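Have a look at the model first, then read on.

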Amino acid sequence: MLLTWLLGGLAALDATPVAQTLFSQPLVTATLLGWIWGDWAMALQVGIVLQILAASTLPVGARTPEDYALGGVVGTGLAVALATNQPFEQARDACALVGVLAGLLTATCSVPLLKWQRRRNEALARWCESEVLAGREAALGQAQGAAVVLAFGVGVGFTALALSAGWRGLHEGVGHASIRLARAWQLAHPLWLGLGLAQLLHAFLQRRLTRAALFAASLLAAWLFRMVRAS
């Protein structure tokens with residue numbers, strides 16, 4: 001669980017002040033969580049769905065998009081944590097659905113936190129500008145370091161809070177409602193695949209071939225996973 005918290009901090013770093021690579025994408029962090037928890041199947045099926053939802057989120061105008069960097073870590077982390085105590089397949093499907101919903105909720109609830117963090121970074125930028133104009137060039141490195149520490153601390157803290165709350169509130173209820181949750185998970189599969197296919201076609205028409213290849217691979221992995229489980 002501690003490694004999952006730290007991964008949330010690293011994802012927050014990649015999403016804002018450092019690098020901005022694909023590391024913070026839900027499918028990438030889900031792969032790492034599958035290795036950490038030793039449950040690749042659960043981590044990947046939740047990560048694929050959260051990746052599709054993340055790609056469907058558009059920053060229109062001044063709207064702050066949902067934070068699927070933390071949502072991916074929390075959703076996948078909660079799913080694999082709950083699945084460790086559930087040996088039956090129906091209960092594991094219930095954990096997958098709960099993980100997706102937790103990731104979606106976390107990504108939505110973290111929007112005010114992102115706005116607060118942006119205001120802190122804007123204040124830090126104004127301080128840095130005034131210091132540099134005064135001849136203190138070291139302020140640039142100090143401001144960058146402060147932004148990194150802030151993002152990492154927010155990522156670790158929010159991930160820990162969301163995972164702890166989800167575990168305490170759901171680890172007993174998932175087993176009792178596993179049949180209904182598993183049925184809902186099966187019914188939702190066409191929705192996830194439909195969203196992924198729409199994103200694939202949209203990326204292909206825009207000639208964004210790398211993104212199209214990513215979604216094609218994700219959809220193929222999801223389809224193969226379902227076929228293997230069905231057999």
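The side chain of Thr 106 reaches back to the backbone oxygen of Ala 102, at 2.7 Å. That's a polar contact (N or O atoms within 3.5 Å; within protein, one able to donate a hydrogen and the other to accept it, and residues adjacent in sequence count only if both atoms are side-chain atoms).

A word on the source: this is a predicted model, where local features need pLDDT of at least 70 and side-chain atom pairs count only at pLDDT 80 or more, while totals for chains, interfaces and linings use all residues. Residues are numbered from 1 along each chain as its sequence is written, and side-chain values use heavy atoms, with hydrogens and water left out.

Thr 106 sits in helix H5, residues 89–109 (helices are DSSP runs of H or I, at least four residues, numbered from the N terminus). Leaving out neighbours within four places in sequence, Thr 106 is in contact (heavy atoms within 4.5 Å) with Leu 70, Gly 71, Val 74, Phe 158 and Ala 162. Is Thr 106 buried or exposed? It's buried, at 7% relative accessibility (buried is under 20% relative accessible area, exposed over 50%, partly exposed in between, with a 1.4 Å probe and protein chains only).

Now for the salt bridges (a side-chain nitrogen of Lys or Arg within 4 Å of a carboxyl oxygen of Asp or Glu). The count comes to two:

| Pair | Closest N and O atoms |
|---|---|
| Arg 92 and Asp 39 | 3.0 Å |
| Glu 131 and Arg 136 | 2.5 Å |

Arg 92 lies in helix H5 and Asp 39 in the loop between helices H2 (26–37) and H3 (40–55), so this pair ties together parts 53 residues apart in sequence. Arg 92 is buried at 17%, and Asp 39 is buried at 13%. In the other pair, Glu 131 is buried at 17%, whereas Arg 136 is partly exposed at 45%.

Definitions and conventions:
Helices (H or I, at least four residues) and strands (E, at least two) are DSSP runs, numbered from the N terminus.
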